[in-house]
Each structure stands twice: as C-alpha cells, then as structure tokens.
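Please read each point with the sequence and the model in view.

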Amino acid sequence: MKEGLERIDASTLESQTQAITALEKLFAVTQPGVVFSAPIKVGDYTVITASEVSIGMGLGMGSGGGTDEEGNRGSGGGVGGGGGSMGRPVAAISIGRDGVHVEPIVDVTKIAIALFTALGAMFMAWRAMRKASKGGA
C-alpha cells in the first residue's frame, strides 16, 4: 500500500511540475516587449508597434474509486489542462519632426466576424419574437 502512495505522490509532483512549466510559457507573452515593439529608426522617424495580447487557459481534475467483484478496492485520478496565447498588432506609432501620430491597424477579419455574429443574433431574436407572436407554434 505504501508503494502505491509513493507512486501517486511522484506522479502528482511530476504533474505539478508540468503545469508550472506550461503556465510559465503562457505568461511569457506578458512581457513588456510584447505589447510595444522595440523602436525602429527610419530616417527622421521612429516607429513603434502596439499589439493586443490575449491569453486563455483551462484546467480540470477528477478522481474516483470503487470495488471490483472480488472485493479489491481501487482508485484513480487525473489532471489535465491546456491554454494558448496570441497577439496581433493594433497600432503603429510614428514619432517624427511633425509630432507623434498613432495609426490604427484595422483587422478586417475581426470586423467581419463581429458583423456576422451580430446579424446572426438579430436573426435569432427576430425569429423568436415572430414565433412568440404567433402563439408559440
């Protein structure tokens, strides 16, 4: 019985080490150099890009136990998780003789997805209202 507990302890420690390593990789994106790029000098101008950074993650765990037909007890458990991070440029900042200018970088794909999501939600609401006005048929 003691050997079984030692194996579970070793397995738990290994899982925790893997989880910490994964979290360190996810949060590595939050460094200051990720949001604002290093300044690039072009002639009399200096250009800096600003980015949007997103991080998402999920974790889960479970355990259980039971007895087989012969009366042997057993138990088990598991832990899992995942995550991701992404970044995209949102603006270019140019500094020159005539001052500082911030030029937004438009993401057409993001705008299109928002448009179709809004249209879909409006269609579903319209359909529900139409169905309700007909007496739920």
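1. Strand β4 is hardly covered: among its six residues, the count of buried residues is zero. Here, buried means under 20% relative accessible area, exposed means over 50%, and partly exposed lies in between, as found with a 1.4 Å probe on protein chains only. Strands (E, at least two residues) and helices (H or I, at least four residues) are DSSP runs, numbered from the N terminus.

2. Some conventions apply throughout. The model is predicted, so local features need pLDDT of at least 70 and side-chain atom pairs count only at pLDDT 80 or more, while totals for chains, interfaces and linings use all residues. Residues are numbered from 1 along each chain as its sequence is written, and side-chain values use heavy atoms, with hydrogens and water left out.

3. Which strand pairs with β4? Strand β3 does, in the antiparallel sense and over six bridges. Two strands are said to pair if DSSP finds at least two bridges between them. Within this pairing, A91 stands opposite P104 of β4. The two strands β3 and β4 form a hairpin, with two residues between them.

4. One of the paired positions is K41, whose bridge partner in β2 is T46.

5. How many salt bridges does a search of the whole structure find? The search finds four. A salt bridge is a side-chain nitrogen of Lys or Arg within 4 Å of a carboxyl oxygen of Asp or Glu. As a general point, side chains of opposite charge can pair when their charged atoms come close.

6. One of these salt bridges joins the side chains of D44 and R97, at 2.2 Å from N to O. D44 lies in the loop between β1 (40-42) and β2 (45-67), and R97 in the loop between β3 (73-96) and β4 (99-104), so the pair ties together parts that are 53 residues apart in sequence. D44 counts as partly exposed at 43% relative accessibility, whereas R97 is exposed at 72%.

7. The residue G96, in strand β3, also deserves attention. Leaving aside neighbours within four places in sequence, G96 is in contact (heavy atoms within 4.5 Å) with D44 and Y45. G96 and V42 are 54 residues apart in sequence, and their C-alpha atoms are 9.7 Å apart in space.

8. A further salt bridge joins R88 and E52, with the closest N and O atoms 3.0 Å apart. R88 lies in strand β3 and E52 in strand β2, so this pair ties together parts that are 36 residues apart in sequence. Is R88 buried or exposed? R88 is buried, with a relative accessible area of 16%, while E52 is partly exposed at 30%. Apart from residues up to four places away in sequence, R88 touches A50, S51, E52, I105, D107 and K110.

9. E52 also meets K110 through their side chains, in a salt bridge of 3.2 Å from N to O. This pair links distant parts of the chain, with E52 in strand β2 and K110 in helix α3 (residues 108-133), 58 residues apart. K110 is partly exposed, with a relative accessible area of 41%. Salt bridges that share partners join E52, R88, D107 and K110 into one network.

10. Helix α3 has 26 residues and reaches 37 Å from its first C-alpha to its last, close to the 38 Å expected at 1.5 Å a residue. That expected span is 1.5 Å times one less than the number of residues. D107, already named in the network, caps the N-terminal end of α3, with a side-chain oxygen 3.2 Å from the backbone nitrogen of T109. Just after α3, G135 takes a positive phi of about 90°.

Note on methods
Polar contact = N/O pair within 3.5 Å; in protein donor to acceptor, adjacent residues only side chain to side chain.
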